[in-house]
Amino acid sequence: MAKRLIPLALALTAPFTPAMAAEQDPFSFNMTQGVTATSFDAFNLHMLLFWVCLIIGVVVFGAMAWSLVRHRRSRGAVAATFHESTAIEIIWTVVPALILIAIAIPATMVLVAENAQPAKPDVIVDVQGSQWKWHYKYPDQDISFFSNLATSSRDASQLGAKEPPSSAPYYLLNVDNPMVVPVGKTVQIRVTSNDVIHSWWVPQLGFKTDAIPGKINNMTFVVSKPGMYRGQCAELCGAGHAFMPIVVKAIMPAAFADWVQKEKAAAAATKADAAGPWDMKIAMAQGGKVYGSTCSACHQANGQGIKGTFPALDGMKLSVKDHIHIVVHGSKKNPAMQAYGKQLSDRDIAAVITYERNSWNNHTGDLITPKEVEAAR
Ligand SMILES: [Cu+2]
């Protein structure tokens, strides 16, 4: 018995050895300390309460064990027969009440501190949840982009019972475009939703913020060290709930400034491209990308859809006109098929429709132009 207990005891103490405290440690049973003041506060509160609970446990179980041993029958103990003790009733009501009040004070202080909003944050990010991706907009920097589940995770999620391949690290926790924030700066996020309730949750930042249609929830944080911090939507929001992870990439302010410049240049390049040449090859390449990030969650990479839920696009008989219409304006019958006119550019829509009409067993040869899409808006 003792022999078996030793490895168990070692396993239990292992998480407390410094070597094991490393990030992403699967044997670390404690909650993350995180990288923001909020998460530090939450962690310290958690440890304080942990010790309070431990002491209460030791006192209660100690008293029980002592009584059992002390008043055992072999010692000739005779049970007392008294009923009702006002003194005891008062003690076991008042003492826990005092403990609860004592706990409530630091807990409330953490909650209040967490919700304090600074007058002037360094960076503002508008976060919008939608089925099933996040949209990030930096109003002051004039940057905005969608953050979709990474294609490697998307493809691996379609393997059925097979293990995801090693080419899909951070399976279901990786995105194509992470939210980027500067380390050491005050970042305010303003969270809302485009459809149903989502919740923006990154454990290492120390909070969850609900994304509610028609309402904006603010949250402020300062990330203390560079890194990739991963989270997920934390409000059940439909079939793709597990497929809208969150990745926050925290980088030094100088690198952040570079990133802002790069994003701006890329946006300008896309704008310039919009006037550039348009042919089957360009449309298919761009369409494949848009399809992989935006459409394959439902219609699947192989165009087969999911029987009874999302229609197959492989072998579809849609006219060009109807095809453009449903992608731009969405489906009245089934809101899962959103109006992508609001989310994608004319070029992206023309590309993805061209891609759908010329992939799998579809060989229509139709090349849709951005002009046709614009006309259908
Ligand atoms: Cu969600």
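Rings of Phe, Tyr and Trp form an aromatic pair if their centres lie within 6.5 Å, the six-membered ring being used for Trp. The exercises below concern a predicted model.

**Exercise 1.** State which residues form one aromatic cluster, and how many aromatic pairs the structure holds.

*Solution.* One aromatic cluster consists of Tyr136, Tyr138, Phe145, Phe256 and Trp259. The structure holds twelve aromatic pairs.

**Exercise 2.** Classify the pair formed by the rings of Tyr355 and Trp360, and determine whether Tyr355 is buried or exposed.

*Solution.* Step 1: a pair of aromatic rings is described by the distance of the centres and the angle of the planes. Step 2: the ring centres of Tyr355 and Trp360 are 5.9 Å apart, and their planes stand at 85°. Step 3: planes over 60 degrees apart count as edge-to-face, so the pair of Tyr355 and Trp360 is edge-to-face. Step 4: buried means under 20% relative accessible area; Tyr355, at 18%, therefore counts as buried. Trp360, at 21%, counts as partly exposed.

**Exercise 3.** Identify the ring over which the charged end of Lys208 sits, and the ring over which that of Arg230 sits.

*Solution.* The charged end of Lys208 lies over the ring of Trp201, at 4.8 Å from its centre. For Arg230, the ring is that of Tyr170, with the charged end 3.6 Å from the ring centre.

**Exercise 4.** Locate Val94 and describe the surface patch to which Val94 contributes.

*Solution.* Step 1: Val94 belongs to helix 3, which covers residues 86–115. Step 2: the relative accessible area of Val94 is 40%, so Val94 is partly exposed. Step 3: together with Ile90, Leu98, Ile101, Ile105 and Met109, Val94 makes a nonpolar surface patch of about 600 Å².

How values were computed:
Residues numbered from 1 in each chain as written. Predicted model: local features only at pLDDT ≥ 70, side-chain atom pairs only at ≥ 80, totals over all residues. Heavy atoms only, no water. Patch = residues over 30% accessible without salt bridge, like charges linked within 9 Å, V, L, I, M, F, W, Y side chains within 5 Å. Areas by Shrake-Rupley, 256 points an atom, 1.4 Å probe, with all protein chains shown as cover. Salt bridge = Lys/Arg side-chain N within 4 Å of Asp/Glu carboxyl O. Helix = DSSP H or I, 4+ residues; strand = E, 2+ residues; numbered from the N terminus. Buried < 20%, exposed > 50% of the residue type's maximum accessible area, 1.4 Å probe, protein only. Phe/Tyr/Trp six-rings, centres within 6.5 Å; stacked < 30°, edge-to-face > 60°. Lys NZ or Arg CZ within 6 Å of the ring centre and 35° of its normal.
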